[in-house]
Amino acid sequence: MIQARNPLQNHSPATTHSKLLAISLILVVSTISFTALRPVSATAETGYENPVTAAPQLVPPRTASCTVTLAQSQPFPVPGGNGYDTPLTGTINPPSSCPAPWSMIVLNFTGSVTGRQFDREAMIWISNAMIYMGTTPEPTPAGITWHAIKDVSQYTPLLNQPANFTVQVPNLVNKVYTGIIYITATLTFYQTSPAFPAANHPDTIVPLSGSFLFLFGPTPVSPKPVTLPTNPDRVNLEMWSKGNSCDEFWYASQPDAYANANGLCGGGAFREIQISIDGTLAGVVWPFPYLFTGGINPYLWRPIPAVDAFNEPPYLVDLTPFIGMLADGQPHTISFSVVNNGFYWQIDGNLLVYRDPVLTTTTGKLTSYQVSPSATQSVSQTINANSALFSFTSSRDLTIAGYVDTSQGRVTTSVAQSFEFTNNQVLDLINFLENLKGTETITTTTTTSGPSGTSIVTVADSYPIAMTSMFQIPGALASSGNPATLKFILPATVDQSFIRTTTTNTNGHIFTASISDTVRAEAVLVRSLTTGVNAVASGTDSEHYILSDSSGVCFNHVIKAAQGFVTADTLIPAC
């Protein structure tokens, strides 16, 4: 399993280098319009500026382009719809003034909301293939606007012909939650030039569902069987997933017995998503510990959201060793299950199929399969009357290899993975206090050998997270008998990172690229239980994004904020 993330997604080392260099040069030579900085001192935050992140902006090609609109200031819930989750649907055509091939296709997703509203999920499907998933920020009474941008060039096979589309933002509006969410979504098609050739993309994309699958408990769930072309030479699964209800914060859950006895969320702190082909376990995903803009304490995320909150990248699972099974022209069942599922998950995805340019049929065989049915799990615990300590660990190793006979000769692919998980929790039930510190480390080595030589790609991921939270009603106030003085106190801190190093060795030529994205936030909310008025609503957060490669490209950006407004915005010249 590898989580796809721009700007390193679906690019060769040479292309990645040129893309990172372009980012670096534009940031150096352009006039940078950073957010205006302002001093802050208030203790009851009443508003915040539009969300910002430290991540590098996508740099489109310098070629002619055409834009196609999916949604223009579209309100959600959809007027006249059958419920809060009614999607917007329609048909788009490739732009006649900018015919294929395209050097890049860019999705621009802009939202605005005013009033009071929860964070909501947002999705886009093209011809039943999911291309985007994110969440929305929680607004202020005055309203906010946010923006996400994504390179969607890999979906060219769907977009070079008329296609249906679905934009969905489930959103409940009533007398309390008044915020109608308005979405504008466009696709911009950039033409090619000698400096900007056609983008790499799969030859065929096979959607799995066209909407989210809902997984309750451990039982596997399958979309309709899918049939692949008969001449694949490489197949990847891209998958989006989201835990909900108790499993929104699955990494903060407790063992079932303790959770059931104390009204907490069960399943323990470890989750694994298993992917099977016709009942054979073909890959696993250890999910990233996402936090959305209402998570823990909403004042943590104003205006800097947690890592990838507005644009969640899919996980990639290499299924190439299974081509011998998949290339027979018959329907195959792809199923998903969530180990230790504490409530329910949503999952969807696509198969990205790269086809032999000459043969109409390829054949292959699975040559090595070293996959245990489940990961090793353990938990140690110390339980007292009103407190508890838990320490969760999990690990697994797997190796899957196979070959495919292509027009160029036999190509062998081996995928070897090593997973480690730790999670330590300290709980105090009197003050509903939880201190948590955990990490996941995942190393994936993919070795491809064939007539053109050998390529070894190693991706080392780390997902550290630390957080504290408390929900307290001061005892003196609770026992005073005066409802006017009742209030709750909700302090929280979060330290979260996505860290990745990718090393590519192609016939002895080595290229390395790294990403480190860290968000740190702390907030406190004191609110009257009688009037709902905030006595204190204060938060500070920061993001530090570093992207570099072995050729010397460097992007190093830090932003800091307090009370909802950016206080520092720094581009550091060295990595």
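Visitor: Which cysteine does a disulfide join to Cys246?

Guide: In this predicted model, the partner of Cys246 is Cys265, and the disulfide that joins them has an S to S distance of 2.0 Å.

Visitor: What is the handedness of that one?

Guide: The disulfide of Cys246 and Cys265 is left-handed, because the torsion about its S-S bond is about -70°. Cys246 sits in the loop between β12 (232-244) and α3 (256-262), while Cys265 sits in the loop between α3 and β13, so the pair ties together parts of the chain that are 19 residues apart in sequence.

Visitor: How many disulfides does the structure hold?

Guide: The structure holds three disulfides, and if the bonded cysteines are numbered in sequence order along the chain, the pairing reads 1-2, 3-4, 5-6.

Visitor: OK, what about Cys66, where does its partner lie?

Guide: Cys66 forms a disulfide with Cys98, with the sulfur atoms 1.9 Å apart, and the link is right-handed, with 70° about the S-S bond. This pair links distant parts of the chain, since Cys66 belongs to strand β2 whereas Cys98 is in the loop between β3 and β4, 32 residues apart.

Visitor: Buried or exposed, for those two?

Guide: Cys66 counts as buried at 14% relative accessibility, and Cys98 is buried as well, with a relative accessible area of 2%.

Visitor: Then what does Cys554 pair with?

Guide: Cys554 is joined to Cys575 by a disulfide, S to S 1.9 Å, and with 95° about the S-S bond that link is right-handed. Here too the pair links distant parts of the chain, with Cys554 in strand β28 (residues 554-562) and Cys575 in the segment after β29 (565-571), 21 residues apart.

Visitor: Switching to the backbone: which residue is joined to Pro303 by a cis peptide bond?

Guide: That residue is Arg302, and omega of the cis bond between Arg302 and Pro303 is about 10°. Pro303 itself is found in the loop between β14 (280-285) and β15 (315-318).

Visitor: And the bond from Ala100 to Pro101, cis or trans?

Guide: The peptide bond from Ala100 to Pro101 is cis, with omega near 5°, and Pro101 is placed in the loop between β3 (88-92) and β4 (102-113). Such bonds deserve a second look because most peptide bonds are trans.

Visitor: What is phi at Ser73, positive or negative?

Guide: Phi of Ser73 is positive, near 50°, in a residue other than glycine. Ser73 lies in strand β2 (residues 65-76), and with a relative accessible area of 42% Ser73 is partly exposed.

Visitor: Where is Asp278, and what is its phi?

Guide: Asp278 also has a positive phi, about 50°, although it is not a glycine, and Asp278 is found in the loop between β13 (272-277) and β14. At 40% relative accessibility, Asp278 counts as partly exposed.

Visitor: Next one, Thr63: what does its side chain reach?

Guide: A polar atom of the Thr63 side chain lies 2.8 Å from the backbone oxygen of Gln191. Thr63 is in the loop between α1 (13-29) and β2, and Thr63 is buried, with a relative accessible area of 17%.

Visitor: What else is Thr63 in contact with?

Guide: Leaving aside neighbours within four places in sequence, Thr63 is in contact with Ser103, Tyr190, Gln191, Thr192, Ser193 and Phe196.

Definitions and conventions
Residues are numbered from 1 along each chain as its sequence is written. This is a predicted model: local features need pLDDT of at least 70, side-chain atom pairs count only at pLDDT 80 or more; totals for chains, interfaces and linings use all residues. Side-chain values use heavy atoms; hydrogens and water are left out. Helices (H or I, at least four residues) and strands (E, at least two) are DSSP runs, numbered from the N terminus. Buried means under 20% relative accessible area, exposed over 50%, partly exposed in between (1.4 Å probe, protein chains only). A disulfide is a pair of cysteine sulfur atoms within 2.5 Å. A polar contact is a pair of N or O atoms within 3.5 Å; within protein, one must be able to donate a hydrogen and the other to accept it, and residues adjacent in sequence count only if both atoms are side-chain atoms. Contact means heavy atoms within 4.5 Å.
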